[in-house]
Amino acid sequence: MLHVNHLLEAYHDGELSPGQHRQVESHLGECSTCRDELEQVRQLSALLREVPLPDAFSAHQLFGAQVALRLSRRQAERARYPGAAWHVVPVLLLCGVVALQGLFVLVGGIVGLAQMAGRLGIDVGAWWPTWNLVEAQLGSVLRLSPTSLVTVLSVALMVVLYLATIAVFVPYVGWVRTLWRSTHDGWVRKEV
Amino acid sequence: MHSVAQPTDRELVAQSLRASSAEGASAAFGKLVMRYHKLVISVAYRVCGDAALAEDVAQDAFVRVWSRLSEFRPDGNFRAWLMRIATNMAIDAVRKRRPQVDIEDLALEAPGQGPEGAAMSSERAGVVRAALMRLPVESRTILVLREYQSLSYREIADVLDVPLGTVKSRLSDARRRLKAELTGYLSA
């Protein structure tokens with residue numbers, strides 16, 4: 001005899017198809033083992049329903065008032081924060097850092113490659129006439145090689161940019177965190 | 001006798017969103033709170049096992065529902081949506097709660113009665129409640145939605161956003177554990 005243990009819970013919960021339901025009913029008529037097992041599921045269900053809810057919950061008027069109070073607090077918290085437009089400031093700053101960093105890397109790479117080519121005996125000026133101009137101007141006026149100049153400027157500007165970014169991002173992250181908690185973690189218990 | 005037709009959930013949601021004044025919106029939403037607060041508290045309590053925490057979760061569930069009311073689809077099932085938010089918040093509350101409620105204390109607790117009035121039935125209820133609280137919160141939530149709220153497997157899957165197979169396996173696992181723990185109370 002094939003038992004139907006795997007279908008008994010779904011049978012109890014009314015989740016079987018009509019065909020399966022008939023199959024289980026028919027089997028239960030002739031199998032005391034499965035009947036006993038079904039009885040256990042039913043008894044467990046009855047036992048669980050015996051567990052009462054505490055009677056210590058607030059009356060419905062008080063509950064409604066407490067919800068209203070939390071709603072007004074939430075609205076007040078939101079009103080304290082500026083709109084989404086303020087997200088633009090740190091995002092733009094970050095974009096500026098990334099763009100300038102990219103530019104320096106690009107320029108530094110080009111100059112470095114050009115100098116390396118010069119050391120290898122390749123006449124870069126013949127391929128790229130502007131290089132002669134850049135090398136002559138930067139070398140004579142500032143008395144710095146292009147590589148040194150780019151390095152100095154890169155480091156100085158990046159330090160300034162990084163400091164500015166940190167100065168903006170630290171309060172920004174704190175603000176976003178507070179905003180997030182006020183809108184997503186409002187369920188964390190607050191003292192009334 | 002005239003019977004005044006109660007507004008449907010969708011009508012109350014629409015009124016909350018379209019009300020021209022804050023008072024009007026609050027009044028419409030307040031009706032939804034009154035309609036469902038027992039349901040939400042009940043689910044939260046069964047999942048959390050702590051009356052104060054459950055009430056806290058229930059109140060904040062309504063606050064969250066209010067703040068996301070504009071996301072509710074006009075053809076949606078408000079009750080299911082509310083249950084989804086409330087159960088997820090209750091599960092989160094259980095996971096984040098520190099320190100954990102002492103399970104052994106739960107077994108002794110007889111809600112609404114003093115120790116001297118604890119009859120055999122409430123003692124048994126305490127043992128059952130403690131066994132329930134020892135279940136993993138995911139399985140317990142599914143069992144609660146099935147046994148106390150009589151949701152179908154499909155409805156539970158929708159509320160918790162889990163596959164149907166997960167509902168079946170966790171429900172079966174929860175019942176298997178409880179049967180093992182409560183064998184003394186099951187006669188068959």
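Trainee: Which hand does the crossing of α4(B) past α7(B) have?

Mentor: Keep in mind that this is a predicted model. The axes of α4 (residues 78–96) and α7 (residues 137–147) of chain B come within 10 Å and cross at roughly 145 degrees. As α4(B) passes α7(B), the crossing is right-handed.

Trainee: And which residues of α7(B) does α4(B) meet there?

Mentor: Start on the α4(B) side, with Met83(B), Thr87(B), Ile91(B), Val94(B) and Arg95(B). By class, the contact of the two helices has five nonpolar, two polar and three charged residues. On the α7(B) side you'll find Val137(B), Glu138(B), Arg140(B), Thr141(B) and Leu145(B).

Trainee: Okay, now the two chains. How much area do chain A and chain B bury between them?

Mentor: Look at who's touching: 40 residues of chain A are in contact with 51 residues of chain B. Carbon and sulfur atoms hold 59% of the buried area. The total is about 4400 Å².

Trainee: How many salt bridges does the rule find across that interface?

Mentor: Take one pair, Arg175(B) with Glu9(A), whose closest N and O atoms are 3.3 Å apart. That pair counts because the cut-off is 4 Å. Across the interface of chain A and chain B, the rule finds seven.

Trainee: Which elements of chain A give two or more residues to the side that touches chain B?

Mentor: By class, that side of chain A has 16 nonpolar, eleven polar and 13 charged residues. The elements giving two or more residues to it are α1 (5–12), α3 (32–49) and α4 (60–79) of chain A.

Technical notes:
Residues are numbered from 1 along each chain as its sequence is written. Chains are lettered from A and ligands numbered from 1 in the order in which they are written. This is a predicted model: local features need pLDDT of at least 70, side-chain atom pairs count only at pLDDT 80 or more; totals for chains, interfaces and linings use all residues. Side-chain values use heavy atoms; hydrogens and water are left out. Contact means heavy atoms within 4.5 Å. Buried area is the accessible area (1.4 Å probe) that two parts lose on being put together, summed over both. A salt bridge is a side-chain nitrogen of Lys or Arg within 4 Å of a carboxyl oxygen of Asp or Glu. Helices (H or I, at least four residues) and strands (E, at least two) are DSSP runs, numbered from the N terminus. Ala, Val, Leu, Ile, Met, Phe, Trp, Tyr, Cys and Pro count as nonpolar, Asp, Glu, Lys and Arg as charged, and the others, Gly among them, as polar. Axes are lines fitted to C-alpha atoms, for helices over the stretch in contact, and angles run from 0 to 180 degrees between N-to-C directions. A crossing is left-handed if the near helix is turned anticlockwise from the far one by less than a right angle, and right-handed if clockwise.
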